[in-house]
Amino acid sequence: MLQLKKGVENASDLGEELGKVLGTAATASALLHTSTIEIKDLDECATKEEVTAALDALLGVPVSKHNPVKSLRKAYAGTQVAVVALPDDLAATALKLGHVRIN
């Protein structure tokens, strides 16, 4: 187990590099602090892939590699609610924007 000090900027990059070097002998991963947000009033036909693509476009960062959409459930009046887990900084950015437009 390798533990880094708080505030290290490139912990995920280090985890990826260690994973490449270790190959199948061991696994390497970096823990991320995440926040969970809900996206409400989605069309009843919206899919997880569409929500992920919209977040990629909105935030300007490929969040799809983290599989951010944890659940998609039916709500009232033919709408859906998506529960999305994002790294803290991206979640804060999404909340500041306020609205996400899904195709």
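How many helices and strands does the chain have? This predicted model has three helices and three strands. Along the sequence they run α-β-α-β-β-α. The radius of gyration is 16 Å, well over the 13 Å that the globule rule gives for 103 residues, so the chain is more spread out than a compact globule. Its C-alpha trace spans about 50 × 30 × 20 Å along the principal axes.

**Burial and contacts**

Of the 103 residues, 25% count as buried. The chain exposes about 7700 Å², and carbon and sulfur atoms supply 53% of that area. Among contacts with a separation of 6 or more, 61% join residues 24 or more positions apart.

**Thr 52**

Thr 52 sits in helix α2, residues 48–59. Is Thr 52 buried or exposed? Its relative accessible area is 12%, under the 20% cut-off, so Thr 52 is buried. Leaving out residues up to four places away in sequence, Thr 52 touches Val 63, Ser 64, Pro 68 and Val 69.

**The second largest pocket**

This pocket holds about 390 Å³ of space. Its lining counts 18 residues, and Ile 39, Lys 40, Leu 42, His 99 and Val 100 lie nearest the centre. Two elements, β1 (34–43) and α3 (88–97), each give two or more residues to the lining. Strand β1 supplies the largest share, seven residues. By class, the lining of the second largest pocket divides as follows.

| Class of lining residue | Number |
|---|---|
| Nonpolar | nine residues |
| Polar | three residues |

How values were computed:
Residues numbered from 1 in each chain as written. Predicted model: local features only at pLDDT ≥ 70, side-chain atom pairs only at ≥ 80, totals over all residues. Heavy atoms only, no water. Helix = DSSP H or I, 4+ residues; strand = E, 2+ residues; numbered from the N terminus. Buried < 20%, exposed > 50% of the residue type's maximum accessible area, 1.4 Å probe, protein only. Contact = heavy atoms within 4.5 Å. 1 Å grid on protein atoms, 1.4 Å probe; cavity = no way out; pocket = protein on both sides within 12 Å on 5 of 7 lines; lining within 4 Å. Points joined across faces, edges and corners; volume = space filled by probe spheres on them. Nonpolar A, V, L, I, M, F, W, Y, C, P; charged D, E, K, R; others polar. Rg over C-alpha atoms; globule rule 2.2 N^0.38 Å. Areas by Shrake-Rupley, 256 points an atom, 1.4 Å probe, with all protein chains shown as cover.
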